[in-house]
Amino acid sequence: MKAIRRFTVRPVLPEALYPLSDLARNLRWSWHAETRDLLQSVDPERWAASGGDPVRLLGDVAPARLAELAGDRRFLRRLAAAAGDLGDYLNGDRWYQSHAPRLDLPAAIAYFSPEFGITAALPQYSGGLGILAGDHLKTASDLGVPLIGVGLLYRHGYFRQTLSRDGWQQEHYPVLDPHELPLVLLREPDGTVARVFLALPGGRRLRARIWLAQVGRVPLLLLDSDVEENDLGERGVTDRLYGGGSEHRLLQEMLLGIGGVRAVRAYCRLTGHAEPEVFHTNEGHAGFLGLERIAELHDAGLDFDSALEAVRAGTVFTTHTPVPAGIDRFDRELVARHFGPDGELPRIEVEQILRLGMETYPGGEPNLFNMAVMGLRLGRHANGVSLLHGHVSREMFAGLWPGFDPEEVPITSVTNGVHAPTWVAPEVFRLGARQIGAERTEDAMTVGGPERWDAIAEIADQEIWDLRRVLREQLVLEVRERLQASWRQRGAGTAELGWIDGVLDPDVLTIGFARRVPSYKRLTLMLRDRDRLMELLLHPRRPVQIVVAGKAHPADDSGKRLIQELVRFADDPRVRHRIVFLPDYGMAMAQKLYPGCDVWLNNPLRPLEACGTSGMKAALNGGLNLSVLDGWWDEWFQPDFGWAIPTADGTGTDEDRRDDLEAAALYDLLEQRVAPRFYERGQGGLPDRWIEMVRQTLMHLGPKVLAGRMVREYVERLYTPAAHAHRAMTPDAARELAAWKARVRAAWPAVTVDHVETSTVAATAELGTTLSLRVRVGLGDLAPDDVEVQAVSGRVDTEDRIADATATALKPAGGPDPEGRWAYEGPLSLDRTGPFGCTVRILPAHRLLAGGAELGLVTLPAEEIAEAAGVLMR
């Protein structure tokens, strides 16, 4: 019989054990080893059965066991110590508090993301974006950053993955009961559940309740539409992550953005938390948050354009995709139907909303509403997630700033990092603690700071090698257990699985490859030449073993075929002890996989990996990276701690040829450099050169790949400037800036560069020479205070394009002439040898602008004027 109603029945904790509930409910346990050890000791068997979930553990533990613990003085002392430590963590000053007075830091920041990977016990993530968001929250907590996380609570989370007998991915969507998760409902003072509402076409309403997860010091608000008052369709809005069609996704993103702002307002009202000065949109999914904030200011008396300026000032937008296909885009009419008089934000004209997201630029599709474009138009501060990705993003979105070189597009970069306490194996932490003490090790891994971890230089080679062997052995045991379970799910009987006891060897070079399975990540590049791969796997003296994991999107049959291709190869009895595919890749598996691999393999199509943080997690455990120069590896690769796979990206190379070349380069590296170095022994019987690479990885890469470094960069480079801009953008300042922008846009067609002359006409000059530059410009209805006239100079290429340009402001020389033209002049320093060129341009200028490119307006000399001026020296 099937139950018609479900309840969660919890045991009543004895009074002495009350602190256990607080420890279980605060997700800090997921990265704090001492708390986790204490919770495990409550009932080790049930802890294992619960998958390391303390809420489930306490829901299942026998009352007799609780009574026993309530009388166990040793356990109660440990409990009191853990509870006291949590109290100190939550209430004491941390990095942010020590810097706040000097830097005038934001009172609070709201951080919106469609997914959060905090712990396997709260499965609300699918891949790198969610894991990064989880690491961002945990690190903000460790640093004391007053962040509020905002997301959606998916009733099915992301799918669980199994394999059919022939290796085809199969998806399962287990139902998650929020009452069985580490969550509490946000409630009004009278005890009723706090709600947010969205208006839908046809007079309908979408209702959502707000669940609160406590991530250390950081509250995470998760909106849930599965409430009885909603119709069936509305209840399903938060059914699953990245599921459904366009309208389903649009409603999810409206709930995340608009509903999320309303949830933040409710949370601050009910708890007294400081209102956010900065709103951070992690990818475009939450972009509608800017519309809700415009509507708030509109209701307070600001017109749309002025409200837009006020909202932009305090908004940070992070883009994570290096390809247009990775961005959510909606049909114009679908968006229009959900806003205006018959939908949400009825007080704002639909056309004003649409203009924020339409692709009204060369190469765009003018009938599509682009969430990333809206994010950039609503965010004064924008960034990519690695140095290379920042460059790619500036090129990808250059159409929004016509007339500017991609280098000047106002998108910076903050390279991602990873939360070391989550991803570093306990054995690695203990090695550091023996060297410099537990407290200093914890600080080094959370806050970061020094560019090098020099103490690692003092650790003996034998200790490093023994550590790597222990971690590899743990991975071997984990793989065998998971492989056994996978084959049972595929229908195999016990009698045919004896071979699994011999899978992998703790003394063999172990390579890891685990990630989502879109085609650009090239899961099967390693299979390009199967004979060479087999030779590597079965080499008599220098064998290699490979552990592979990953999920394809449920709608991506091409990704599923890649998985099937790899699984079928790994099923071959000749190599199945040397290569395995583990289904259901998630956080729990990853925390075993990264430490146990000697080498982390990454072979995407360059430059389609925005950052790629899995290799960072391996590096923090002493794993070496073997990767295409993409994402973070392009930025920080050095031969001291890894290998770069050459990229065959010539314009004349077709896809098949490119994959052949890059696979051959991969095999060559493994055969000639990686495997020999691992197996080569020095005089003391140890692989000295390999150990030195591990040491260099930990010393030099360790501090760089930390999320502590990443979040500190966000605070100093993005959050603080955004907070200062937010404070400066008072209602009067916003009205002034909006009116000024409207006036400048209307007058700009009349702005011209009419004449350029220099103090020399020679084609060559000596380094250090200074020329006089004189320019005559027409400003139409604008005044000199509205613009900046610049000389732009630098090296030129064979087509006379200026590279590595330097811009110098020219100064007005007197009033307008009888024709209304203005003269500007200034020095031009010839500070570089070789081909050198100069041009002149006019940009809008205002004290409240973030930069000269903000409006996307620029005036350059007409071609005939540029030729007459002729400042080009060779």
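Trainee: How many bridges join strand 18 to strand 19, and do they run parallel or antiparallel?

Mentor: The general idea first: strands of a sheet pair through backbone hydrogen bonds, either parallel or antiparallel. Here strand 18 (residues 599-602) and strand 19 (residues 624-628) run parallel, joined by four bridges. Leu601, for one, has Leu626 in strand 19 as its bridge partner. On the terms: strands (E, at least two residues) and helices (H or I, at least four) are DSSP runs numbered from the N terminus, and two strands pair if DSSP finds at least two bridges between them. Bear in mind that this is a predicted model, where local features need pLDDT of at least 70, side-chain atom pairs count only at pLDDT 80 or more, and totals for chains, interfaces and linings use all residues. Residues are numbered from 1 along each chain as its sequence is written, and side-chain values use heavy atoms, leaving out hydrogens and water.

Trainee: What is the strand order in the open sheet of six strands?

Mentor: The order is 17-16-15-18-19-20, with parallel pairing. Strand 17 (579-582) and strand 20 (642-645) are the edge strands, each pairing on one side only. Neighbouring strands of this sheet are turned by 20 degrees against each other on average, direction ignored.

Trainee: Is strand 2 mostly covered or uncovered?

Mentor: Buried means under 20% relative accessible area, exposed over 50%, and partly exposed in between (1.4 Å probe, protein chains only). Strand 2 (residues 147-152) is mostly covered, with six of its six residues buried. Leu147, Gly149 and Gly151 point one way, Ile148, Val150 and Leu152 the other.

Trainee: Which strands pair with strand 2 in the parallel sense?

Mentor: Strand 1 (residues 109-112) does, over four bridges, and Val150 is the bridge partner of Phe112. Strand 8 (residues 218-224) also pairs with strand 2 in the parallel sense over four bridges, with Leu223 as the partner of Leu152.

Trainee: At roughly what angle do the axes of helix 1 and helix 6 cross?

Mentor: Two packed helices are described by the angle between their axes and the distance between the axes. The axes, lines fitted to C-alpha atoms over the stretch in contact, with angles from 0 to 180 degrees between N-to-C directions, come within 10 Å and cross at roughly 45 degrees for helix 1 (residues 18-25) and helix 6 (residues 73-91). That makes helix 1 oblique to helix 6; under 35 degrees counts as roughly parallel, over 145 as roughly antiparallel, 65 to 115 as roughly perpendicular, and the rest as oblique.
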